[in-house]
Amino acid sequence: IDFLITKKSKVVPIEVKSGIVKTYNSLNVFCEKYSKLVGERYVVSQKDLTHDGMIKISPFYLFPKILK
């Protein structure tokens, strides 16, 4: 987990990947451990906007929108 922000009284974990996204181990462990507190889940990477289950994958240029 690289960043934690709050939205609507929930914790939003953000993991940043510099290469091609394959796994999100730390994000998955964090979300499992704190499942009652976690809202949206994000991975910021070079990939296009997509999702993998409950994890939203966002390109770097959209990172400021996540923070709003």
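Biologist: What percentage of the 68 residues of the protein chain count as buried?

Modeller: This is a predicted model, in which local features need pLDDT of at least 70, side-chain atom pairs count only at pLDDT 80 or more, and totals for chains, interfaces and linings use all residues. Residues are numbered from 1 along each chain as its sequence is written, and side-chain values use heavy atoms, with hydrogens and water left out. Buried means under 20% relative accessible area, exposed over 50%, and partly exposed in between, with a 1.4 Å probe and protein chains only. By that criterion, the buried share of the 68 residues is 32%.

Biologist: Is Phe3 buried, exposed or partly exposed, and why?

Modeller: Phe3 lies in strand β1, residues 3-7 (strands are DSSP runs of E, at least two residues; helices are runs of H or I, at least four; both are numbered from the N terminus). Because its relative accessibility is 40%, Phe3 counts as partly exposed.

Biologist: Which element of the protein chain has the lowest mean pLDDT?

Modeller: pLDDT is the predictor's confidence in each residue, from 0 to 100. The chain averages 90, and 99% of the residues score at least 70. Strand β2 (residues 10-16) has the highest mean, 95, whereas the lowest, 85, belongs to helix α2 (residues 63-67).

Biologist: In what order do the elements of the protein chain run from the N terminus on?

Modeller: The protein chain holds 2 helices and 5 strands. From the N terminus on, their order is β-β-α-β-β-β-α.
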